[in-house]
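Reader: Before any of this goes into a calculation, I would like to go through the model with you, one question at a time. Could you show me the sequence and the structure, and then begin with a single residue?

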Amino acid sequence: MATKTGIPTGSATTKTAATLSKQEVMRYSRHLIMPEVGMEGQLKIKQAKVLCIGTGGLGAPLGLYLAAAGVGRIGLVDFDVVDSTNLQRQVLFGTSDVGRPKTEAAADRLRNLNPEIQIDTFDTHLSSANALELFNDYDIIVDGTDNFPTRYLVNDACVITGKPNVYGSIFRFEGQITVFGYPGGPCYRCLYPEPPPPGLVPSCAEGGVLGVLPGIVGTIQAAETLKLIIGKGEPLIGRLLLFDALAMKFRELKLRKNPECSVCSEHPTLTKLIDYAEFCGIRGEEGPTTVTNVPEITSRELKTRLDRGDDIYILDVREVHEYQICNLNGHLIPLGELSRRVHELDSSREIVAHCKSGKRSAQAVEFLRGAGFKKISNLKGGIVAWSDEVDPNVPKY
Amino acid sequence: MAVKVIIPTPLRAYAGKQESVEVQAATVGEALAALTGKFAELKKHLYADDGRLRSFVNVYVNDEDIRYLQKDQTAVKAGDTISIVPSIAGGARD
């Protein structure tokens, strides 16, 4: 098994045999004295080209460890700017980076960590238009994105270009890690032929994430990437590693190549990139189902009406822990409990439902209208809009 | 036979917030039926309208995917662990 893998690195431009400078020998000495890496392995690492999709929670530890290890060329793809809510887990960034493009802040940090390597930045959305060209320049792709459309795009582009996809994903305190797209091994679509419909699976923004979890998962992705480069050990090909940080347990499941897979089987039905937003049933980043045709009230209108003493019952459909962060003194019934707690509401009173940003409460309004509630509207933009337009003392989260 | 069903984090909200549930069953299909019998809300998260397991949810008996065993008919014995493994996409942007 030891040398079964091993990605042919440095294939795009065959340079003269690489060597290490005196400074590099010093820098990588803890690798060099280890037989599993040694000079041969370190030179492979130096010639390797790894593309990191996303420089967020997973990309942060990944980028740091790949740069520290001496991966010769690291590409970073991210369209986002650093936000203060990122700092809880995206350890590439500091407080002074807030507002900077992530790729720029990340590149500065990684160049400072290791000036011997090349960092390429792509301050852009990965798309069906640019993915194949981008992937062609690298040996290994590491998927650290946060949404289904990009996950399927990365997978399909990896299969089409024949590049391994070091995959990691997280939710709250649980992670999944594997290597997809290795020749002969399964791909993401073998495991999950289709994405969940929008709204059925909460995103990290809705579900939260333990800050250290992407640190652990991204670090495992870095380890797998380095193993693929040096061709040592047993990579996570055909194995799905599940990690639960609360139970502090790892489990391993077998992954099989699906003989009927639409992209990686002998007779694929999908041979070029598609519109992934459409495939996942959504447009752009905002995943969850958007119910649009329900009556709405703006936070300013609501304030005016409450101030003049109108009898309005506020229904908060967020979760208990969100209510504890901030609230409008409303009656709390989390969306998931609404159907069985509907009797707590008086349909003769006027009700305004709200959540954080207005999406969950739109579903609540739609449901309640179906249940016969006539005087009900949705607070447009949720408690975030209330904070922006009415009361800045209400914290945003 | 008593088998353990491990509930993944995203679905725990629909299963009384439990990490795992013990059910009596001789096949995977029976185990999942017992589970959704206990927690009705789980049903729409596991099954599509046509009654088939959703394509973003996989079910394992111990470490094997039931798609490559006998699917719903896969036999389970006392002490087996059934895992429900849905796709999760998070990479922790905000």
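This is a predicted model: local features need pLDDT of at least 70, side-chain atom pairs count only at pLDDT 80 or more; totals for chains, interfaces and linings use all residues.

Reader: Is Val82(A) buried or exposed?

Author: A residue counts as buried when 20 or more other C-beta atoms lie within 10 Å of its own. Around Val82(A) there are 26 other C-beta atoms within 10 Å, so the residue is classed as buried.

Reader: Which residues does Val82(A) touch, if those up to four places away in sequence are not counted?

Author: The loop that holds Val82(A) runs between strand 2 and helix 5 of chain A, and helix 5 covers residues 102-113. With residues up to four places away in sequence left out, the contacts of Val82(A) are Phe93(A), Asp97(A), Val98(A), Gly99(A), Arg100(A), Lys102(A) and Ala105(A).

Reader: How far apart in space are Val82(A) and Arg349(A), and how far apart are the C-alpha centres of domain 1 and domain 2 of chain A?

Author: Chain A is divided into domain 1 (22-279) and domain 2 (296-389). Val82(A) and Arg349(A) are separated by 267 residues in sequence and, from C-alpha to C-alpha, by 44 Å in space. For domain 1 and domain 2 of chain A, the distance between the C-alpha centres is 39 Å.

Reader: Why is helix 7 of chain A described as largely enclosed by the rest of the structure?

Author: Helix 7 of chain A spans residues 148-161, and its 14 residues reach 20 Å from the first C-alpha to the last, close to the 20 Å expected at 1.5 Å a residue. Among its buried residues are Phe148(A), Tyr152(A), Leu153(A) and Val159(A), and the helix is followed by Gly162(A), whose positive phi is near 70 degrees. Helix 7 of chain A is largely enclosed because the buried residues number 12 of the 14.

Reader: What handedness has the β-α-β unit that strand 4, helix 7 and strand 5 of chain A make?

Author: Strand 4 (residues 140-143) and strand 5 of chain A run parallel and are joined by three bridges, with Tyr167(A) in strand 5 as the bridge partner of Asp143(A). Together with helix 7 of chain A, these two strands make a β-α-β unit that is right-handed.

Reader: Which residues of strand 5 of chain A are buried on each side?

Author: In a regular strand the side chains alternate between the two faces of the sheet. Seven of the seven residues of strand 5 of chain A are buried, so the strand is largely enclosed by the rest of the structure. One side of strand 5 of chain A has Asn165(A), Tyr167(A), Ser169(A) and Phe171(A), and the other has Val166(A), Gly168(A) and Ile170(A).

Reader: Which residue in the turn between strand 5 and strand 6 of chain A has a positive phi?

Author: Strand 5 and strand 6 of chain A pair in the antiparallel sense over seven bridges, and Ser169(A) has Gln176(A) in strand 6 as its bridge partner. The two strands form a hairpin with two residues between them, and the residue in the turn whose phi is positive, at about 60 degrees, is Arg172(A).

Reader: Which residue takes a positive phi in the hairpin of strand 7 and strand 8 of chain A?

Author: Strand 7 (residues 239-244) of chain A is joined to strand 6 (residues 174-180) by four bridges in an antiparallel arrangement, where Gly175(A) stands opposite Phe243(A). Strand 7 also pairs with strand 8 (residues 249-254) of chain A, again antiparallel, over six bridges, and Leu240(A) has Leu253(A) as its partner. In this hairpin, which has four residues between the strands, the residue with a positive phi near 50 degrees is Met248(A).

Reader: How do the residues on the side of chain A that touches chain B divide into nonpolar, polar and charged?

Author: Chain A gives 41 residues to the contact and chain B gives 24 residues. Helix 7, strand 5, strand 6, helix 9 (204-207) and strand 8 of chain A are the elements that supply two or more residues to the side of chain A. That side divides into 18 nonpolar, 12 polar and 11 charged residues.

Reader: Is Asn329(A) buried or exposed?

Author: Asn329(A) lies in the loop between helix 13 (320-325) and strand 11 of chain A, and its phi is positive, near 65 degrees, although the residue is not a glycine. Because Asn329(A) has 6 C-beta neighbours inside 10 Å, it counts as exposed.

Definitions and conventions:
Residues are numbered from 1 along each chain as its sequence is written. Chains are lettered from A and ligands numbered from 1 in the order in which they are written. The expected span of a helix is 1.5 Å times one less than its number of residues. Two strands pair if DSSP finds at least two bridges between them. Two residues are in contact if their C-beta atoms, placed from the backbone, lie within 7 Å. Ala, Val, Leu, Ile, Met, Phe, Trp, Tyr, Cys and Pro count as nonpolar, Asp, Glu, Lys and Arg as charged, and the others, Gly among them, as polar. Domain bounds come from an automatic or database domain assignment. A crossover is right-handed if, with the strands pointing away from the viewer, the path from the first strand over the helix to the second runs clockwise.
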